[in-house]
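I opened this entry to keep a record of what I looked up in the structure, element by element. The notes follow the order in which I looked.

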Amino acid sequence: KESERITYMVEELLDFSKFVSGRIKLEYETVSLVNLLEHIRKQLTPRATREKLRFTVDYPEDLPDLFTDANRLKQVFINILDNAFNFTRTGGSVSFRTEVMEKELKFIIADTGCGISPEELPMVKEKFYKGKSSQSKNGIGLSICDEIVTKMGGRLDIMSQLGVGTTVIVTLPREVGSHD
């Protein structure tokens, strides 16, 4: 397990350094968000069942396609959802919903987990910041997510309350590809 953890950390570090140095370019294509979200639902529902968590994925019927990097967007969502699952106890819930605005899309991941303290919240997107919780893996995941979302012309916002839960909002312009 320890060698797997270290391998994962090294891969994330390499990924992060490539992003920061500009060596990774986003691979844009027209992406069916419905297919992407359904794929994530299918991928994570067994874990939710195993961990006895209520997991919901909601989006409007008229969800538009998006010109974006499908793999990187999925990486962002899976990473944030992984955190939500890790920090939510049995019986809790994780929801993933999408809102369509005139010029942007909002992807909202909310959990009923342990929450993040007000003093730690400003630092959770910094690389290597793990917080006081031993459940953090390597402190790189959210910083990579923030890099990817920023590169897509969007933003990643985190709101949290100790003992209540955390909400992460990924906001992307509907014309993502024009910001690379």
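**Helix α3 and its cap**

I began with helix α3 (residues 70-86), whose 17 residues should span 24 Å at 1.5 Å a residue, and the end C-alpha atoms are 24 Å apart, which agrees; the expected span of a helix is taken as 1.5 Å times one less than its number of residues. Helices (H or I, at least four residues) and strands (E, at least two) are DSSP runs, numbered from the N terminus. The model is a predicted one, in which local features need pLDDT of at least 70 and side-chain atom pairs count only at pLDDT 80 or more, while totals for chains, interfaces and linings use all residues. Residues are numbered from 1 along each chain as its sequence is written, and side-chain values use heavy atoms, with hydrogens and water left out.

I then looked at the N-terminal end of α3, which Asp69 caps with a side-chain oxygen that lies 3.2 Å from the backbone nitrogen of Asn71. Among the buried residues of α3 I noted Leu73, Val76, Phe77, Ile80, Leu81 and Phe85, and the list also includes Arg72, Asn79 and Asp82; buried means under 20% relative accessible area, exposed over 50%, and partly exposed in between (1.4 Å probe, protein chains only).

Which residues does Leu44 touch, not counting residues up to four places away in sequence? I found Phe55, Ile78, Leu81 and Phe85, where contact means heavy atoms within 4.5 Å. Leu44 has its place in helix α2 (residues 33-50) and counts as buried at 7% relative accessibility. The C-alpha atoms of Leu44 and Phe85 are separated by 9.5 Å, although the two are 41 residues apart along the chain.

In the loop between α2 and β2 (54-58) I looked up Lys52, which has a positive phi of about 55 degrees although it is not a glycine. Most residues other than glycine have a negative phi. Lys52 is exposed, with a relative accessible area of 58%.

**Aromatic pairs**

I counted 4 aromatic pairs in the structure; rings of Phe, Tyr and Trp (its six-membered ring) pair if their centres lie within 6.5 Å, with planes under 30 degrees apart called stacked, over 60 edge-to-face and the rest tilted. Tyr28 and Phe67 form a stacked pair, 5.6 Å centre to centre with 20 degrees between the planes. Tyr28 lies in the loop between α1 (2-20) and β1 (29-31) and Phe67 in strand β3 (residues 66-68), so the pair ties together parts that are 39 residues apart in sequence. Phe67 counts as partly exposed at 41% relative accessibility. Ring pairs also link Phe77, Phe96 and Phe107 into a cluster.

**Helix α4 and the cysteines**

In helix α4 (residues 141-151) I listed Gly141, Leu142, Ser143, Ile144, Cys145, Ile148 and Val149 as the buried residues, and just after α4 Gly153 takes a positive phi of about 85 degrees. Cys145 is buried at 1% relative accessibility, whereas Cys114 is partly exposed at 25%. I found 0 disulfides, a disulfide being a pair of cysteine sulfur atoms within 2.5 Å.

**The chain as a whole**

Buried residues make up 42% of its 180 residues. Among contacts between residues at least 6 apart in sequence, 71% join residues at least 24 apart.

Notes. A polar contact is a pair of N or O atoms within 3.5 Å; within protein, one must be able to donate a hydrogen and the other to accept it, and residues adjacent in sequence count only if both atoms are side-chain atoms.
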